[in-house]
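Trainee: Please take one part of this model and go through it closely. Then show me what surrounds that part.

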Amino acid sequence: KYALREDPDVVLVGEMRDLETIEAALSISETGHLAFATLHTNSAAESINRIIDVFPSNQQEQVRVSLSFSLQAIVSQALIPKVGGGRVMALEILIVTPAIRAIIRDDKVHQIYSMIQSGQKFGMKTMNQSLSELYQTGKISINDAMNYSHNQQELTEMLQRQKAPAYS
C-alpha cells in the first residue's frame, strides 16, 4: 500500500496469498497502475475464482466487477522436463477481452476455458494447446504431456486430430 506514494508506473506485488494482499493488488490496478502478481493455481479460471473466493460473500459481486475492469491477462505456467535434459515452459494464456469481462462480471467463470480454446486470434492458448505444441515439436515426451494436462482426454483427441491426414 505504500508503493503508490512513490508514483510508480509498474508495481510487482509478488504472491497474493491473503485477502489484504489481493485487496492491495486490486486497489493498485484500479488506480491505473500496471500491477503484476503471482498466484499459485493451475489455470486462468482457477486464478479468477481464487481471487474472488478470498473475499466475504457479501463483497464478491463488487470484486467481480472490479476485477473485470482491471484484469488484463493471466498467464498460467508449468515447467516440464525437456527431452534431452533441462526444462521447458508450457503455458495457458488468457487475454481479457470484452466477452471475458462480461463472463467475470456475470459469475460465469466456468465458460472461460472455452473462450481460451477459441481465442487464438487474441493470443490466447490453453495448457493443452501448449502441451500439444511442445510434444509435436519433440520438446517433451507424450508421458510428460499427459502428466501435466488437466484434461487428458482432450489432449489425446487434439493429438489424434493433428496426426490425421488433411483432406481437401
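Mentor: Start with helix α8. The face turned away from its buried side carries the exposed residues Gln153, Gln160, Arg161 and Lys163. Exposed means over 50% relative accessible area, buried means under 20%, and partly exposed lies in between (1.4 Å probe, protein chains only). Helices (H or I, at least four residues) and strands (E, at least two) are DSSP runs, numbered from the N terminus.

A word on the source. This is a predicted model: local features need pLDDT of at least 70, side-chain atom pairs count only at pLDDT 80 or more, and totals for chains, interfaces and linings use all residues. Residues are numbered from 1 along each chain as its sequence is written, and side-chain values use heavy atoms, with hydrogens and water left out.

Now the other face. Glu154, Leu155, Met158 and Leu159 are the residues of α8 to look for, and they are buried. Looking down the axis of α8, these buried residues fall within an arc of 130°, so they line one face of the helix. The arc is taken from the directions that run from the helix axis to the C-beta atoms.

Helix α8 covers residues 152–163, which is 12 residues. At 1.5 Å a residue it should span 16 Å, and its end C-alpha atoms are 17 Å apart, which agrees. The expected span is 1.5 Å times one less than the number of residues.

What does the buried face meet? The buried residues of α8 pack against α5 (112–117), α6 (127–136) and α7 (142–148). Contact here means heavy atoms within 4.5 Å.

Ser132 shows the α6 side of this. Ser132 is found in helix α6. Its relative accessibility is 1%, so Ser132 counts as buried. Apart from neighbours within four places in sequence, Ser132 is in contact with Leu155, Met158, Leu159 and Gln162.

Next, the cores. A nonpolar core is a set of buried Ala, Val, Leu, Ile, Met, Phe, Trp, Tyr and Cys residues joined through side-chain atoms within 4.5 Å. In soluble globular proteins, nonpolar side chains tend to be buried together. The largest core here has 24 residues, and Ile48, Leu67, Leu71, Leu94, Ile100 and Ile112 touch the most other members. Helices α1 (19–30), α2 (44–53), α3 (60–70), α4 (98–105) and α5 each supply at least two residues of this core. Helix α2 gives the largest share, five residues. A second, separate core of 12 residues includes Ile80, Leu131, Ala145 and Leu155. Leu155 brings us back to α8, where Leu155 is buried.

Leu94 touches Ala44, Ile48, Gln72, Ala73, Ile74, Ile100, Ile112, Ile116 and Met124, not counting residues up to four places away in sequence.

Compare another helix, α3. Its buried residues are Gln60, Val63, Arg64, Ser66, Leu67, Ser68 and Ser70. They pack against α1, α2 and α4. Glu61 has its place in α3, but at 57% relative accessibility Glu61 counts as exposed.

Two loop residues are also worth a stop. His33 lies in the loop between α1 and β2 (34–38). With a relative accessible area of 17%, His33 is buried. The His33 side chain reaches the backbone oxygen of Pro8 at 3.4 Å. It also makes a polar contact with the side chain of Thr31 at 2.7 Å. A polar contact is a pair of N or O atoms within 3.5 Å; within protein, one must be able to donate a hydrogen and the other to accept it, and residues adjacent in sequence count only if both atoms are side-chain atoms.

Asp107 lies in the loop between α4 and α5. Its relative accessible area is 43%, so Asp107 is partly exposed. Phi of Asp107 is near 55°, a positive value in a residue other than glycine. Most residues other than glycine have a negative phi.

Last, the whole protein. It has eight helices and four strands, in the order β-α-β-α-α-β-β-α-α-α-α-α along the sequence. Its C-alpha atoms fill a box of roughly 55 × 35 × 25 Å, taken along the principal axes. Of its 168 residues, 39% are buried.
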